[in-house]
Amino acid sequence: SIVHGGDAAEEARKAAQAAFGAGAADATVPTHTVASAELAAGAKIVDLLAASGLAASKSAARRLVEQGGVSVGDKRVASIDEVLAAAELPEGGVLLRAGKKHVRRLVRGQ
């Protein structure tokens with residue numbers, strides 16, 4: 001708040017609470033839309049990491065998964081072959097985490 005002002009500090013606090021607390025539906029968390037057709041076929045976690053910008057490439061996404069740094073919701077991703085099914089993506093979305101600080105909210109699209 002000293003450097004950027006009270007409003008910016010409050011916005012940062014809300015974003016951190018949404019990403020790391022219970023507020024997964026908050027608009028301050030960056031969002032990535034997953035097409036319904038992709039979900040029906042089973043969207044690979046590696047592809048989602050690369051498409052959402054959490055990994056620079058699919059190979060970087062594979063390394064993240066192999067090192068145990070990826071989770072969907074509260075479940076850790078154990079294999080590079082794991083997919084996200086339509087049943088695993090609720091209406092409000094789910095948080096995809098890469099490491100400790102990088103988060104995207106996955107939502108269902110058209």
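What pLDDT does the protein chain average, and what share of the residues score at least 70? This is a predicted model, so I checked that before anything else. The chain averages a pLDDT of 86, and 91% of the residues score at least 70.

Next I went element by element. Helix α1, residues 6-20, has the lowest mean pLDDT among the elements, at 75. The highest mean belongs to α4, at 96.

**Helix pair**

I then turned to how α4 packs. For two packed helices, the description is the angle between their axes and the distance between the axes. I looked up both for helix α3 (residues 45-52) and helix α4 (residues 58-66): their axes come within 8 Å and cross at roughly 120 degrees. That angle makes α3 oblique to α4. I also noted the hand of the α3 and α4 crossing, which is right-handed.

Which residues meet there? From α3 I listed V46, D47, L49 and A50, and from α4 I listed K58, A61, R62 and V65. Sorted by class, this contact has five nonpolar and three charged residues, with no polar ones.

**R104**

My last stop was R104, found in strand β7, residues 102-108. What does the side chain of R104 reach at 3.0 Å? I found the backbone oxygen of S52 at the other end. S52 also falls within the range I noted for helix α3, residues 45-52.

Leaving out residues up to four places away in sequence, I have R104 touching V29, P30, S52, G53, L54, V94, L95 and L96.

Terms used: Residues are numbered from 1 along each chain as its sequence is written. This is a predicted model: local features need pLDDT of at least 70, side-chain atom pairs count only at pLDDT 80 or more; totals for chains, interfaces and linings use all residues. Side-chain values use heavy atoms; hydrogens and water are left out. Axes are lines fitted to C-alpha atoms, for helices over the stretch in contact, and angles run from 0 to 180 degrees between N-to-C directions. Helices (H or I, at least four residues) and strands (E, at least two) are DSSP runs, numbered from the N terminus. Angles under 35 degrees count as roughly parallel, over 145 as roughly antiparallel, 65 to 115 as roughly perpendicular and the rest as oblique. A crossing is left-handed if the near helix is turned anticlockwise from the far one by less than a right angle, and right-handed if clockwise. Contact means heavy atoms within 4.5 Å. Ala, Val, Leu, Ile, Met, Phe, Trp, Tyr, Cys and Pro count as nonpolar, Asp, Glu, Lys and Arg as charged, and the others, Gly among them, as polar. pLDDT is the predictor's confidence in each residue, from 0 to 100. A polar contact is a pair of N or O atoms within 3.5 Å; within protein, one must be able to donate a hydrogen and the other to accept it, and residues adjacent in sequence count only if both atoms are side-chain atoms.
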